Amino acid sequence: MEHKAQLKNVKYRNWVRAGLGIKYVKEGLEPFCDHLVNQQHIAILDKVKRKHNLSAVTCGLCDVRTLQPDHVQTKTRQCPLGQTYCNCLHPRGKISCANKVCGAIYDEIIQLHASTPPAPNWKNTDAQQWCTEPWAVAKCFINAPGYEANKSRAVEFDCPGLLHVLINNIEFQQHIKCVITGTDVFSRVRKSRNDIFHSHSMELEDTEVNNYIDDMIELLEDEHEIKHRQESKDAVKNLIELKREDFITTTTDEAEIRRVAMAAINEKERELQQTILVAGNEFRTAAAEGKRKLEGKGLVIKSELQQKRRKLRKELVMTNDEVRTTATEGKRMLEKEGQAIKANLQQTAEKIEQKRIGIEKQLTTKTVEAEQNIELKLQE
Ligand SMILES: [Zn+2]
Ligand SMILES: [Zn+2]
């Protein structure tokens with residue numbers, strides 16, 4: 001029993017070590033991310049400035065949900081930038097930026113997004129801050145909810161947030177040697193962070209924690225730039241320490257990692273609730289769509305019926321005209337032709353009877369009228 005408890009204790013300590021590892025990765029990446037995000041922000045504003053020949057790039061008035069992009073949908077109603085749910089596809093109610101700034105930034109963000117099709121996370125961002133807050137722009141590259149609150153430094157983000165920004169930004173990818181494929185070391189560390197902090201057992205085997213930490217070291221030793229930064233070197237040093245058999249986790253470490261795990265689980269729960277909400281909305285949209293389609297079909301049938309009705313009425317009127325014309329031509333002819341017309345009219349009336357169920361009454365009246373008319377003419 002005592003041995004079992006001790007083993008459990010080892011696994012729990014492994015979990016704490018892995019959690020600490022993620023913390024070191026985050027610390028190692030923070031200045032690098034701040035640097036990239038700030039540089040890109042300057043570049044975006046500069047590009048917008050040149051694009052619209054502006055003396056200053058300022059706005060702070062636009063709402064991303066109603067913002068009209070600079071680009072417009074193609075003739076075949078596609079987004080030319082390939083974004084599936086693009087504002088360009090629903091131009092009604094969209095407002096173009098009065099300062100010629102935000103629509104251009106919107107376009108830039110889509111073009112910088114690395115996924116196929118590009119899918120910036122507009123829910124995370126506040127467009128009113130785009131001109132003044134580099135991280136407000138960078139947040140569009142975090143493909144996860146929970147980053148809505150105002151943040152202006154990498155230190156305010158969690159490790160997956162920073163990794164998302166690096167992974168999902170075409171230009172940031174140029175600053176790392178690692179090629180993002182989904183199974184690369186950046187993607188692996190992002191995934192292992194979730195595995196660690198969403199773990200209910202809060203236990204890890206020795207091999208698991210060592211594999212995790214090896215990935216973290218590999219990430220921080222990315223040869224292009226990260227490896228050469230002091231904070232990355234410090235983080236790697238800490239990670240190597242973590243791997244030592246005799247590494248002692250303190251109660252402070254434990255408390256900190258448990259706190260992070262708690263926050264991660266809360267976030268996960270919120271994310272799930274969000275997913276359920278979205279699924280519910282999608283279901284309702286689909287149901288409404290189905291209803292609309294049915295109603296549309298109903299309208300088509302209705303209009304077809306109306307056309308038929310009009311056609312039949314026309315036939316009736318024409319026949320009546322014929323009757324009148326014929327009447328003036330002489331009684332004899334009328335007697336001859338009148339019979340034919342009458343027969344014809346009766347036929348028409350029968351046709352009407354058969355064809356039109358919905359408007360039967362009205363037409364029957366017309367038919368009766370027509371017949372009476374003919375009777376009158378014939379009697380003339
Ligand atoms: Zn578009
Ligand atoms: Zn604007």
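Biologist: Leaving aside neighbours within four places in sequence, which residues is Arg193 in contact with?

Modeller: This is a predicted model, and Arg193 is found in its helix H6, residues 185–197. Setting aside the residues within four places in sequence, the contacts of Arg193 are Ile22, Cys159 and Pro160.

Biologist: Does Arg193 count as buried or exposed?

Modeller: A residue is buried if 20 or more other C-beta atoms lie within 10 Å of its own. Arg193 has 24 C-beta neighbours inside 10 Å, so Arg193 counts as buried.

Biologist: What separation is there between the C-alpha atoms of Arg193 and Ala264?

Modeller: Along the chain, Arg193 and Ala264 are 71 residues apart.

Biologist: How is H6 oriented relative to H7?

Modeller: Two packed helices are described by the angle between their axes and the distance between the axes. For H6 and H7, the axes come within 9 Å and cross at roughly 140°. That angle makes H6, relative to H7, oblique.

Biologist: What is the handedness of the crossing of H6 and H7, and how do the residues of their contact divide?

Modeller: The crossing of H6 and H7 is left-handed. On the H6 side the contact is made by Val185, Phe186, Arg188, Val189, Ser192 and Ile196, and on the H7 side by Tyr212, Asp215, Met216, Glu218 and Leu219. The residues of this contact of H6 with H7 divide into 7 nonpolar, 1 polar and 3 charged.

Biologist: How is H7 oriented relative to H8?

Modeller: H7 packs with helix H8, residues 230–243, at an angle of about 165°, and their axes are 9 Å apart. Angles over 145 degrees count as roughly antiparallel. The orientation of H7 to H8 is therefore roughly antiparallel.

Biologist: How do the residues of the contact of H7 with H8 divide by type?

Modeller: From H7, the residues Asn210, Ile213, Met216, Ile217 and Leu220 meet Ser232, Ala235, Val236, Leu239, Leu242 and Lys243 of H8. The residues of the contact of H7 with H8 divide into 8 nonpolar, 2 polar and 1 charged.

Biologist: Is Leu220 buried or exposed?

Modeller: Leu220 is found in helix H7, which covers residues 206–220. Within 10 Å of Leu220 there are 27 other C-beta atoms, so Leu220 is buried.

Biologist: Which residues does Leu220 touch, not counting those up to four places away in sequence?

Modeller: In the contact of H7 with H8, Leu220 is one of the H7 residues that take part. Not counting residues up to four places away in sequence, Leu220 touches Val25, Gly28, Ile226, Ser232, Ala235 and Val236.

Biologist: How far apart in space are Leu220 and Leu239?

Modeller: In sequence, Leu220 and Leu239 are 19 residues apart. From C-alpha to C-alpha, the distance is 10.0 Å.

Biologist: What pattern does the protein chain follow along the sequence?

Modeller: The protein chain has 11 helices and 2 strands. Read along the sequence, the pattern is α-β-β-α-α-α-α-α-α-α-α-α-α.

Biologist: Among contacts between residues at least 6 apart in sequence, what percentage join residues at least 24 apart?

Modeller: The protein chain has 380 residues, of which buried residues make up 31%. Among its contacts between residues at least 6 apart in sequence, the share that join residues at least 24 apart is 71%.

Methods. Residues numbered from 1 in each chain as written. Chains lettered and ligands numbered in written order. Predicted model: local features only at pLDDT ≥ 70, side-chain atom pairs only at ≥ 80, totals over all residues. Helix = DSSP H or I, 4+ residues; strand = E, 2+ residues; numbered from the N terminus. Buried ≥ 20, exposed ≤ 12 C-beta atoms within 10 Å, placed from the backbone. Contact = placed C-beta atoms within 7 Å. Axes fitted to C-alpha atoms, helices over the stretch in contact; angles between N-to-C directions. Parallel < 35°, antiparallel > 145°, perpendicular 65-115°, else oblique. Nonpolar A, V, L, I, M, F, W, Y, C, P; charged D, E, K, R; others polar. Left-handed = near helix turned anticlockwise from the far one by under 90°.
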